[in-house]
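Reader: I would like to go through this model feature by feature. Please give the general idea each time, then the case at hand.

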Amino acid sequence: MRDTILDILSDLVEDVDFDTCDTLIDDGLLSSLDIIQLIGALNDEFDISIPATEIIPDNFNSVDAMVAMVERLADE
């Protein structure tokens with residue numbers, strides 16, 4: 001799952017070390033448009049639905065946070 005999310009992010013934005021960065025939102029490395037595209041890609045790839053209540057910086061600041069969110073939503 002982690003590798004898939006890394007691939008999705010790499011397709012959205014170039015020249016960012018997504019593997020180690022944990023401030024993707026806080027540092028503005030992902031724009032609001034990137035987040036919208038990311039949400040759509042995660043929904044499609046993992047057959048989940050990310051509700052508005054989950055669209056917070058803590059869930060998108062790092063790949064690990066995204067993995068945790070996807071796993072949590074997939075279990076619901």
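**Reading the helices, the core and the salt bridges**

Author: Start with helix length. At 1.5 Å a residue, the 13 residues of α4 should span 18 Å, and the end C-alpha atoms of α4 are 18 Å apart, which agrees. Keep in mind that this is a predicted model.

Reader: Which residues of α4 are buried?

Author: Buried means under 20% relative accessible area. In α4 that covers V63, A65, M66, V67, M69, V70 and L73. These buried residues pack against α1 (2-12), α2 (32-46) and α3.

Reader: How many helices and strands are in the chain?

Author: The chain has four helices and zero strands. Read from the N terminus, the order of elements is α-α-α-α. The radius of gyration is 11 Å, close to the 11 Å from the globule rule for 76 residues, so the chain is as compact as a globular protein of that length. Along the principal axes, the C-alpha atoms fill a box of roughly 35 × 25 × 20 Å.

Reader: What share of the contacts joins residues at least 24 apart?

Author: Take the contacts between residues at least 6 apart in sequence: 53% of them join residues at least 24 apart. As for burial, 41% of the 76 residues are buried. The chain exposes about 4500 Å², and carbon and sulfur atoms supply 45% of that area.

Reader: Which residues have the most contacts inside the largest nonpolar core?

Author: The general idea comes before the case. In soluble globular proteins, nonpolar side chains tend to be buried together. Here the largest nonpolar core has 24 residues, and I5, F18, L30 and L42 have the most contacts inside it. The elements giving two or more residues to this core are α1, α2 and α4. The most comes from α4, with six residues. L30 shows what such a position touches: leaving aside neighbours within four places in sequence, its contacts are L9, V13, F18, L24, I25, I35, L38, F60 and M66.

Reader: Is N61 buried or exposed, and what does it touch?

Author: N61 lies in the loop between α3 (57-60) and α4 (63-75). Its relative accessible area is 8%, so N61 is buried. Not counting residues up to four places away in sequence, N61 touches C21, D22, T23, L24, I25 and D26. For contrast, take P51, in the loop between α2 and α3. P51 counts as partly exposed, at 32% relative accessibility.

Reader: How many salt bridges are there, by the count?

Author: The count comes to three. In one of them, the side chains of D19 and R2 meet at 2.5 Å, N to O. D19 is in the loop between α1 and α2 and R2 is in helix α1, so this pair ties together parts 17 residues apart in sequence. R2 also forms a salt bridge with D64, with the closest N and O atoms 2.9 Å apart. That pair links distant parts of the chain, R2 in helix α1 and D64 in helix α4, 62 residues apart.

Reader: And what of R72 and E54?

Author: Their side chains meet in a salt bridge of 2.5 Å, N to O. R72 is in helix α4 and E54 in the loop between α2 and α3, 18 residues apart. R72 is partly exposed at 35% relative accessibility, whereas E54 is buried, with a relative accessible area of 14%. Elsewhere, salt bridges that share partners join R2, D19 and D64 into one network.

Key
Residues are numbered from 1 along each chain as its sequence is written. This is a predicted model: local features need pLDDT of at least 70, side-chain atom pairs count only at pLDDT 80 or more; totals for chains, interfaces and linings use all residues. Side-chain values use heavy atoms; hydrogens and water are left out. Buried means under 20% relative accessible area, exposed over 50%, partly exposed in between (1.4 Å probe, protein chains only). Contact means heavy atoms within 4.5 Å. The expected span of a helix is 1.5 Å times one less than its number of residues. The radius of gyration is taken over C-alpha atoms; the globule rule is 2.2 Å times the number of residues to the power 0.38. Accessible areas come from the Shrake-Rupley method with a 1.4 Å probe; for residues, only the protein chains shown count as cover. A nonpolar core is a set of buried Ala, Val, Leu, Ile, Met, Phe, Trp, Tyr and Cys residues joined through side-chain atoms within 4.5 Å. A salt bridge is a side-chain nitrogen of Lys or Arg within 4 Å of a carboxyl oxygen of Asp or Glu.
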